[in-house]
Amino acid sequence: MVADAVLQAGSASAAAAALHGVAYGLVHVIGPDHIGIVIALSVGQTPRRAFWQGATWSLGHCVGMLLVGVVFVAFKHALKMDTWEHVGEYLVGV
């Protein structure tokens, strides 16, 4: 599982973990749900206004993801990551 690989302290360097995070983040942003919301926010706007709406939305989304990530890293020993990964997959489907 991805969570197991990331949480094993000696298995990967911090640089490799950061690189994987950036790669997953780039794949994450091109999902149809994200593209759809940015399009919906941009309809009828000037190009400049549409850009700033998209930029503001994405910044807020990134901050939220960062906060969730910080919580999981801070409490990685107290949380059962396999359970969270399993539950998270179902929540994404909802």
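**Fold, surface and a few residues**

Guide: The secondary structure of this chain, which is a predicted model, comes to 5 helices and 0 strands. Read from the N terminus on, the elements run α-α-α-α-α.

Visitor: And how much of the chain counts as buried?

Guide: Of the 94 residues in the chain, 7% count as buried. The chain exposes about 7500 Å², and carbon and sulfur atoms supply 74% of that area.

Visitor: Okay, let's go to His 34. Where is it found, and is it buried or exposed?

Guide: His 34 is found in helix H3, and it counts as buried because its relative accessibility is 8%, where the cut-off for buried is under 20%.

Visitor: What is His 34 in contact with, leaving aside its neighbours within four places in sequence?

Guide: With those neighbours left aside, His 34 is in contact with His 28, Val 29, Trp 57 and His 61. There is also a polar contact of 3.0 Å, which joins the side chain of His 34 to the side chain of Asp 33.

Visitor: Staying with helix H3, what about Ala 40, buried or exposed?

Guide: Ala 40, which is also found in helix H3, counts as exposed, because its relative accessibility is 52% and the cut-off for exposed is over 50%. The C-alpha atom of Ala 40 is separated by 9.9 Å from that of Gly 54, although the two residues are 14 residues apart along the chain.

Visitor: Which residues form a nonpolar patch on the surface?

Guide: The patch is formed by Ile 35, Ile 39 and Val 43, which together have about 280 Å² of accessible area. Ile 35 lies in helix H3, which covers residues 32-42, and this residue counts as partly exposed because its relative accessible area is 40%, a value that falls between the cut-offs of 20% and 50%.

Visitor: Changing topic, how many aromatic pairs are there?

Guide: The count comes to 1 aromatic pair, made up of Phe 51 and Trp 52, whose ring centres are 5.0 Å apart.

Visitor: Why is that pair edge-to-face?

Guide: The ring planes of Phe 51 and Trp 52 stand at 80°, and planes over 60 degrees apart count as edge-to-face, so the pair is placed in that class. As for Phe 51 itself, this residue counts as exposed, because its relative accessibility is 53%.

Definitions and conventions:
Residues are numbered from 1 along each chain as its sequence is written. This is a predicted model: local features need pLDDT of at least 70, side-chain atom pairs count only at pLDDT 80 or more; totals for chains, interfaces and linings use all residues. Side-chain values use heavy atoms; hydrogens and water are left out. Patches are made of residues with over 30% relative accessible area and no salt bridge: like charges are joined within 9 Å, nonpolar side chains (Val, Leu, Ile, Met, Phe, Trp, Tyr) within 5 Å. Accessible areas come from the Shrake-Rupley method with a 1.4 Å probe; for residues, only the protein chains shown count as cover. A salt bridge is a side-chain nitrogen of Lys or Arg within 4 Å of a carboxyl oxygen of Asp or Glu. Helices (H or I, at least four residues) and strands (E, at least two) are DSSP runs, numbered from the N terminus. Buried means under 20% relative accessible area, exposed over 50%, partly exposed in between (1.4 Å probe, protein chains only). Rings of Phe, Tyr and Trp (its six-membered ring) pair if their centres lie within 6.5 Å; planes under 30 degrees apart count as stacked, over 60 as edge-to-face and the rest as tilted. A polar contact is a pair of N or O atoms within 3.5 Å; within protein, one must be able to donate a hydrogen and the other to accept it, and residues adjacent in sequence count only if both atoms are side-chain atoms. Contact means heavy atoms within 4.5 Å.
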